[in-house]
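Let's take a walk through a protein model together.

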Amino acid sequence: METHDELRASAVHLFGEKGFNATTISEITDHAGYAKGNFYRYWKSKDDLFLSIMEEKYQLYRARRVDSLDQAASMDDVIEVIIDFLEQILDDGKWAKVFLEFTIHAAGNDEVRSELNKSFYRLSSDLFAGIVEPHRENPTYPSKNLGGIVTALFEGFLIQILLGSTVIDKEDLRQAIRTLVLHIDNA
């Protein structure tokens, strides 16, 4: 397990420094002080390694929100928990940039894209629907579609940040999600 953990830590470091595409398996193993063959004892590809890192990160983010969701008494409370979850991703250093880079990479590979679309790798529309549905009183708009819109807003915000835009900030994102979701929920 020590080898696994050191290779994984090396990958997290290098992905954060260089990005997903610019980091090679050889660099990951060299940085960790292992031969390249050790990598393949644990992962079949760099994509596989990255997905395992994403899964672990999202499990950590989600664990932090469990208590808050259990205490949520209204749709407004649930939206705050979701926004806090999204802000954790933004606040995780260079991770948001690498996540977006990997998302674009996955778009060109059917197998990786299919894997990435599973709910434990992202705030999927199905996951969002499951979180908000118990708190909606008279839903006229599908919760799953609402989740897709929130994800689109968030990922669009990531793009703006990565392009260096200073026009919008986290408070703008927070307000946009809150306004949109509560408006649609009350329509």
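**Links across the chain**

Start with Lys44 and Glu111: their side chains form a salt bridge, with the closest N and O atoms 3.3 Å apart. A salt bridge here is a side-chain nitrogen of Lys or Arg within 4 Å of a carboxyl oxygen of Asp or Glu. Lys44 sits in the loop between helix H3 (36-39) and helix H4 (46-71), while Glu111 belongs to helix H7 (residues 110-116), so this pair ties together parts that are 67 residues apart in sequence. Both Lys44 and Glu111 are exposed. As for the words, buried means under 20% relative accessible area, exposed means over 50%, and partly exposed is in between (1.4 Å probe, protein chains only).

Before we go on, keep in mind that this is a predicted model, where local features need pLDDT of at least 70, side-chain atom pairs count only at pLDDT 80 or more, and totals for chains, interfaces and linings use all residues. Residues are numbered from 1 along each chain as its sequence is written, and side-chain values use heavy atoms, with hydrogens and water left out.

How many salt bridges does a search of the whole structure find? It turns up 12. Another one joins Lys94 and Glu17, at 3.1 Å from N to O. Lys94 lies in the loop between H5 and helix H6 (95-107), and Glu17 is in helix H1 (residues 2-18), so the pair ties together parts that are 77 residues apart in sequence. Lys94 counts as partly exposed, at 43% relative accessibility.

Now find Arg174 and Asp84, which form a salt bridge with their closest N and O atoms 2.8 Å apart. Arg174 is in helix H10 and Asp84 in helix H5, so here the pair ties together parts that are 90 residues apart in sequence. Is Arg174 buried or exposed? It counts as buried, because its relative accessibility is 13%. Asp84 is partly exposed, at 37%.

Let's step back to the whole chain. It has 10 helices and zero strands; these are DSSP runs numbered from the N terminus, with helices (H or I) needing at least four residues and strands (E) at least two. Buried residues make up 43% of the 187 residues. The C-alpha trace spans about 60 × 35 × 30 Å along its principal axes.

Next, the largest pocket. A pocket is an open set of points on a 1 Å grid over the protein atoms alone, where a 1.4 Å probe fits, with protein on both sides within 12 Å along at least five of seven lines; lining residues have an atom within 4 Å of a point. The lining includes Met75, Asp76, Arg136 and Asp185. Helix H5 (75-90) and helix H10 (170-186) each supply at least two lining residues, and H10 gives the most, with three.

Zoom in on Arg136, in the loop between helix H8 (125-132) and helix H9 (143-162). Arg136 is buried, with a relative accessible area of 7%. Leaving aside neighbours within four places in sequence, Arg136 is in contact (heavy atoms within 4.5 Å) with residues including Met75, Leu146 and Asp185.
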